[in-house]
Amino acid sequence: MSLPAVLTLIADRKSGPLKPEAIDMARALVKGNAPIVLSPGEAVDIPCPPPRPGSANITTIRATLAPYRVDALLLKTRGRRRAVLVADMDSTIVTGETLDELADLLGCGEDVAAITRASMNGELDFETALEHRVALLAGKPASVLEQVWESVTLTEGARELVQTMRKHNGRTALVSGGFTWFTQRVAELCGFDENYGNELEIEDGKITGRLAAPILGPDAKRDHLERLTSERGVQLRAALTTGDGANDIPMLASAGLGLAFHAKPNVRRIIPTQINFASLRAHLFAQGYHAKDFVTD
């Protein structure tokens, strides 16, 4: 009989392979069975009993493994594969913050970045922060958007995550507080089924400093999650969400598996399931996928 819980360990491949001693320590903490290799030197599943009073919790496990740059996820075995993926864009599916990079090229980068940090850390509400940042771009040439796009880099594992879930009949959506100018292009590059963002108003080749539609903020991200699961005919527990900022917290907290991905400190304080070292490939290992089953085209 399979055990009802599983501890998944994923190493940061850039820092070296998953060490046997890290696996042994984790197995001892959860009194787990022999590890099941998901990717040699990168990820394993350790079947284990469910957490009980007095047993090691995920915070203790994560802290024990942190020196090895290993992420740990303690999850239920049942229902691991998710039917819906909703992902943030900036600093999640792509490595940078597109609005900050746009502002840098336009000469107002420090001012915009300061507002971004305050917003992502939850010190300033998202809508106010976005309006203030966009206003700083007023009168600037829209042609610089192409320059930013040339420098956009996908996070490792982004296409693998989206394409693998789609192959297994998952519905995938990119839902961002960034601009649709970028979400459309990133979604096409990764293969997302849908994408949503904020529409930057452009007139006569210049950025007006205004948004052309209602702001897509934290509540709207959660609303898209609820709509997508409803349309897919599944409950929220069948969804996977991922993001790094304060505006992602509602959708991370609502999904069956919400992963704080290299997230801001206030997000990590609230969301217990975290990927702090590994790439987006971790989202597939969390669902029990083996690396040999990833779609890598």
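The model is predicted, with local features needing pLDDT of at least 70 and side-chain atom pairs pLDDT 80 or more, while totals for chains, interfaces and linings use all residues. Residues are numbered from 1 along each chain as its sequence is written, and side-chain values use heavy atoms, without hydrogens and water.

**Exercise 1.** Determine how the rings of tryptophan 181 and phenylalanine 182 are paired.

*Solution.* Rings of Phe, Tyr and Trp (its six-membered ring) pair if their centres lie within 6.5 Å, and planes under 30 degrees apart count as stacked, over 60 as edge-to-face and the rest as tilted. The centres of tryptophan 181 and phenylalanine 182 are 5.0 Å apart and the planes stand at 70°, so the pair is edge-to-face. Phenylalanine 182, at 0% relative accessibility, is buried.

**Exercise 2.** Classify the pair formed by phenylalanine 285 and phenylalanine 294.

*Solution.* Their ring centres lie 5.1 Å apart with planes at 40°, so this pair is tilted. Phenylalanine 285 is buried at 0% relative accessibility, and phenylalanine 294 is buried at 7%.

**Exercise 3.** Find the charged end that sits over the ring of tryptophan 181.

*Solution.* A charge sits over a ring if NZ of Lys or CZ of Arg is within 6 Å of the ring centre and within 35 degrees of the ring normal. The charged end of arginine 185 sits over the ring of tryptophan 181, 3.6 Å from its centre.

Key
Buried < 20%, exposed > 50% of the residue type's maximum accessible area, 1.4 Å probe, protein only.
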